[in-house]
Amino acid sequence: MLLSKLFIPLTKDLPSDAKIKSHQLMLRTGMIRQSAAGIYSWLPLGFKVMKKIEAVVREEQNKIGAQEMLMPTIQSADIWKESGRYNDYGEEMLRIKDRQGREMLYGPTNEELITDIFRSSVKSYKSLPQMLYHIQWKFRDEIRPRFGIMRCREFYMKDAYSFDLDEQSAKQSYNKMFYSYLQTFKRLELEAIPMAADTGPIGGDLSHEFIILAETGESNVYADKNIFAIDPSNYKFDDQSLEKMRKDFSSCYAVTDEKFKKDEFESNVKKDNQIMTKGIEVGHIFYFGDKYSKPLNCLVDHPDGKKVSVKMGSYGIGVSRLVGAIIEAKFNNDVMKWPRSVAPFDVVIIPSFNKNNLNNLEKANKIYSELTKIKLDVLLDDVEENISAKFKKHDLLGIPYQIIIGSKSEENKFEFKEVGKDAKMISLEEIIKIIKN
Ligand code: 5CA
């Protein structure tokens, strides 16, 4: 892609409510545009990053056997009345009437709808366990939408739902998701800590939030720093090992505000190990047994002949919030570096040129066609502009690798830089090897 052709409305003027770096960077690089309070359009650069995050989330869900489907954004109020949440959800739910006067709503989450689908299709324990997920827009009429897409009203979420015959098997599903979340965040180069959490309007008695540490986070975090020493790669993907993994994490003190008790923290965690900071919730998982299956009458035949309510859990990842969370974690000293797994381009070529001397642009064009031939996703900065302005712009765009074609370039060697590291003069073959590695 040529930068001159990319729809990327860079802006310098920021609105006064853009207080945190992710919101500022996303506006400055034209990733998003606000269309109403807490509602955003995703422009090509932002959309591309979000879609790449979505792909990582999807792959990790598929790996643990969850199956993708798609439920609508608009739901009927009837099923929410059956579960009792229609009133409980309060003002946060956007209620709509269709032309026949039927009560509808824009889904803030999907426990009721998935339970409704399940009860009409599954009748026997033989079809269990099941894990289903979708990646879909949600709407919550937050009182105070803020921080751009971090706490907004319309957001993109991966929500998964598990169905099991009994509590023991349901907790095994919970542990698989727990593991999958750690793998997902690792691929996004984020250090996410699972923390014991309150269940809020979703309900249930077992819940973890996955929090990444960031000073601009909305949650206060209190943790034992030993939790960072637990390495998920030391556990195998079997029920026993995953149970041990969850228990090892849970035995380390790590909570957010709602669960925090000062005396408990001080008596459980040695002074030197106490971490008190802020964090961003990027995922939240729940086990709630028959909270929805019972009122919605979602029953299956048990092997011993009885009918029992299925035991359920739900598992969310804030896909759109993750775009902002990654920026909060990776944008430092005015320089952004996207993790390779989600970077908007693999590499950018930055030639220094002007209309009287197009040599470097020609060289850049040749490299561009070599790299696109081998299916790399390349951005070529073909805009005539002085080189320091170009560097400033690329500091914000955050493409992890740069090939700089300027006075230093030799016949077969180019200045190559991984953002955050020193530049080196190397051949195109070596550059390709590094990028493809
Ligand atoms: N039904 C459950 C699990 S599927 C659920 O809805 N959980 S949740 O309320 O915790 O949301 C899941 C994730 O969505 C959160 O961890 C957060 O990352 C993201 N999220 C929630 N509210 C917002 C919001 N207003 N703006 C952006 N992302 C949000």
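**Sheet, helix packing and local geometry in a predicted model**

Tutor: Five strands make up an open sheet of mixed pairing, in the order 18-17-19-20-21. Strand 18 and strand 21 (424-427) are at the edges with a single partner strand each, so one side of each has no neighbour in the sheet. From one strand to the next, the twist averages 30°. The model is predicted: local features need pLDDT of at least 70, side-chain atom pairs count only at pLDDT 80 or more, and totals for chains, interfaces and linings use all residues. Residues are numbered from 1 along each chain as its sequence is written, and side-chain values use heavy atoms, with hydrogens and water left out.

Student: What makes strand 17 and strand 19 a pair?

Tutor: Two strands pair if DSSP finds at least two bridges between them. Strand 17 (residues 347-351) and strand 19 (residues 401-405) have four bridges, in the parallel sense. The bridge partner of Val-348 is Gln-402 in strand 19. Strands (E, at least two residues) and helices (H or I, at least four) are DSSP runs numbered from the N terminus.

Student: Which helix packs on the sheet and touches strand 21?

Tutor: Helix 12 (residues 428-436) does, and it also touches strand 17, strand 19 and strand 20. Its direction makes about 100° with that of strand 21. Helix 10 lies across strand 17, strand 18, strand 19 and strand 20 (413-418), and runs at about 165° to strand 17.

Student: Why are helix 2 and helix 9 called roughly perpendicular?

Tutor: The axes of helix 2 (residues 44-63) and helix 9 (residues 319-330) cross at roughly 110° and come within 9 Å. Axes are lines fitted to C-alpha atoms, for helices over the stretch in contact, and angles run from 0 to 180 degrees between N-to-C directions. Angles under 35 degrees count as roughly parallel, over 145 as roughly antiparallel, 65 to 115 as roughly perpendicular and the rest as oblique. Helix 2 and helix 9 are therefore roughly perpendicular to each other.

Student: Which residues of helix 2 and helix 9 meet?

Tutor: Contact means heavy atoms within 4.5 Å. Val-49, Met-50, Ile-53, Glu-54 and Val-57 of helix 2 meet Val-319, Ser-320, Leu-322, Val-323 and Ile-326 of helix 9. By class, this contact has eight nonpolar, one polar and one charged residues; Ala, Val, Leu, Ile, Met, Phe, Trp, Tyr, Cys and Pro count as nonpolar, Asp, Glu, Lys and Arg as charged, and the others, Gly among them, as polar.

Student: How do you know whether Phe-147 is buried or exposed?

Tutor: Buried means under 20% relative accessible area, exposed over 50%, and partly exposed in between (1.4 Å probe, protein chains only). Phe-147 has 16% relative accessibility and therefore counts as buried. Lys-375 has 74%, so Lys-375 counts as exposed. Strand 11 (residues 219-224) is mostly covered, with five of its six residues buried.
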